[in-house]
Amino acid sequence: MSVINVAILGFGTVGEGVYRTIQSHSNELAAELGKEVEVAAVLVRNKQKPRDISGNVLLTTDFEEILQLPKLDVVIECIVDKDPTFSYLKKAIQRGCHIITANKEMFAHHGNELIELAEQHQVSVGFEATVAGGIPVIQTLGQLLKINRVQRILGILNGTSNFILTEMRDKRQSFAESLLRAQENGYAEADPTNDVEGYDAFYKTMILSRLAFGEEPDWRDVERVGITSITSELIEAAQNLGLRFKHIASIWKSGTRIQASVKPVLVGSEHPFYHVEGVENAVNVKSDIVGEITLQGPGAGMYPTASAIIEDLVHVCQSHVPKSNYLKTSGEDIELKNEHQREYWLVQGLVQKYGSPAITLVDEISEGIFVLKGSKKDIEQLAQRQPSVQYFSILGNEEFLVRGIEEAKAL
Ligand SMILES: NC(=O)C1=CN([C@@H]2O[C@H](COP(=O)(O)OP(=O)(O)OC[C@H]3O[C@@H](n4cnc5c(N)ncnc54)[C@H](OP(=O)(O)O)[C@@H]3O)[C@@H](O)[C@H]2O)C=CC1
Ligand SMILES: N[C@@H](CC=O)C(=O)O
């Protein structure tokens with residue numbers, strides 16, 4: 001049987017998971033591809049670290065050595081940062097290799113250039129692992145929703161943040177303890193600021209936007225808020241109202257503009273994301289023909305990410321060259337709340353009571369934590385006047401919230 005020669009760049013959580021999965025699923029790969037998949041080389045930063053890699057595999061710190069291999073078909077990139085990964089992948093494409101990447105930061109910045117270059121060189125690009133870990137959302141949007149016009153996407157896109165919020169609520173762990181566990185489980189980025197300050201979810205949101213709408217919002221206009229301001233006290237107050245904090249990315253088209261935000265909000269049990277817990281991610285796509293679809297599954301970790309990459313491996317070896325601009329016709333306009341519409345907010349840190357006639361106090365649900373009603377603009381102005389104020393939008397219907405407040409008061 002002939003062979004597909006693969007190089008894996010990086011041998012951390014993801015790279016090692018890919019290596020192990022190629023060994024454990026060799027029969028399935030051979031049956032699907034009609035060729036054996038062999039790992040020819042692994043690139044690392046530190047060759048002295050002990051690793052469980054067969055002696056036949058070239059283990060190197062020099063990417064040029066990999067490029068000079070006599071036979072190389074696919075380069076799988078599982079490193080961190082934009083550089084030198086982008087230049088490695090360009091060289092791999094120029095050498096005629098298909099490429100696969102898990103690196104969302106690099107792909108959000110350079111995905112288009114890589115896809116255009118791949119098109120010129122008649123090779124394919126796999127990037128399923130860049131968004132939502134093991135959930136096949138890229139293939140679903142790119143291959144299975146080609147005719148639907150996407151109207152809006154909501155996503156829980158960072159497994160570490162969702163894991164931390166769940167641990168803090170369910171096990172009453174501190175933020176620091178929960179983050180440490182996420183790191184031990186291999187969920188967090190090398191620099192976890194990327195997870196907890198919302199950068200990782202932001203990059204994933206930009207990749208999804210390009211895939212679903214054919215374009216991205218202006219990055220400077222995207223509201224990006226992480227989860228670091230969410231205290232145990234706030235989580236408990238929300239829980240007493242029947243609400244859970246979720247870090248949610250939203251993308252929608254308004255007029256000719258694509259808009260997006262990435263921030264923590266509160267959802268009730270009627271929301272499709274209420275039960276998305278721990279390291280799980282979810283993506284809810286609203287399109288004109290099919291309506292709403294929610295995909296849910298593990299959003300980070302060794303094997304879920306390896307699953308996305310292995311499925312990409314089959315896809316790039318079998319598929320034709322992708323279209324540049326990865327993608328789709330533009331999506332469809334959708335009417336969402338505008339900044340003047342009144343909604344509900346969970347607010348902490350007021351130094352003077354809510355401070356504006358345009359804002360109504362609904363209730364003080366525990367000491368110093370209020371439910372207020374007002375427009376986004378009014379709440380933003382309040383937070384400008386009182387910088388200690390933290391505010392979180394409460395999604396869902398009013399009836400549900402009122403019931404939650406009554407139940408919380410009865411506690
Ligand atoms: N962890 C997860 O659940 C997921 C991660 N990703 C993405 O996958 C990528 C890898 O993540 P993960 O495996 O968790 O990261 P790790 O930190 O566990 O591993 C990174 C690996 O890359 C190697 N490396 C780093 N820089 C270089 C370099 N300049 N040249 C050669 N090798 C280098 C390291 O080498 P050494 O071992 O010698 O230090 C290490 O083997 C990231 O882009 C991440 O965002 C995507 C989806 C999920
Ligand atoms: N650090 C990321 C890993 C997967 O993309 C996350 O927690 O989601």
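**Helix α12.** I started with the buried residues of α12, and I listed Pro304, Thr305, Ala306, Ser307, Ala308, Ile309, Ile310, Asp312, Leu313, Val316 and Cys317. Buried means 20 or more other C-beta atoms within 10 Å of a residue's own, exposed means 12 or fewer, and partly exposed is in between, with C-beta atoms placed from the backbone. Helices (H or I, at least four residues) and strands (E, at least two) are DSSP runs, numbered from the N terminus.

**Ground rules.** I noted that this is a predicted model, where local features need pLDDT of at least 70, side-chain atom pairs count only at pLDDT 80 or more, and totals for chains, interfaces and linings use all residues. Residues are numbered from 1 along each chain as its sequence is written, while chains are lettered from A and ligands numbered from 1 in the order in which they are written.

**Domains.** The assignment, which is automatic or from a database, gives me domain 1 (3-130), domain 2 (137-299) and domain 3 (342-410). I looked at domains 2 and 3 together: their C-alpha centres lie 22 Å apart. Between them, 15 residues of domain 2 are in contact with 17 residues of domain 3, contact being C-beta atoms, placed from the backbone, within 7 Å. On the domain 2 side, α11 (232-240) and β10 (257-268) each supply at least two residues.

**Ligand 1.** Which residues come nearest to ligand 1? Of the 27 around it, I wrote down Gly10, Gly12, Val14, Asn103 and Ala300; a residue is near if its C-beta atom, placed from the backbone, lies within 6 Å. Helix α1 (residues 13-24) gives the largest share of this shell, 3 residues. Domain 1 and domain 2 each contribute at least three residues to the shell. By class I have 13 nonpolar, 10 polar and 4 charged.

**Ligand 2.** Around ligand 2 I find Gly133, Asn158, Gly159, Thr160, Tyr187, Ala188, Glu189, Asp195, Asp200, Gly299 and Ala300. That shell has 3 nonpolar, 5 polar and 3 charged residues.

Most residues other than glycine have a negative phi, and most peptide bonds are trans. I flagged the peptide bond from aspartate 83 to proline 84, which is cis with omega near 10 degrees. Proline 84 sits in the loop between β4 (74-77) and α4 (85-94).

Glutamine 122, in the loop between α5 (104-120) and β6 (125-126), has a positive phi of about 60 degrees although it is not a glycine. Is glutamine 122 buried or exposed? I put it down as exposed, because it has 11 C-beta neighbours inside 10 Å.

Alanine 132 also has a positive phi, about 65 degrees, and belongs to the loop between β6 and α6 (137-144). This alanine 132 is buried, with 30 other C-beta atoms within 10 Å.

Definitions and conventions
Nonpolar A, V, L, I, M, F, W, Y, C, P; charged D, E, K, R; others polar. Contact = placed C-beta atoms within 7 Å.
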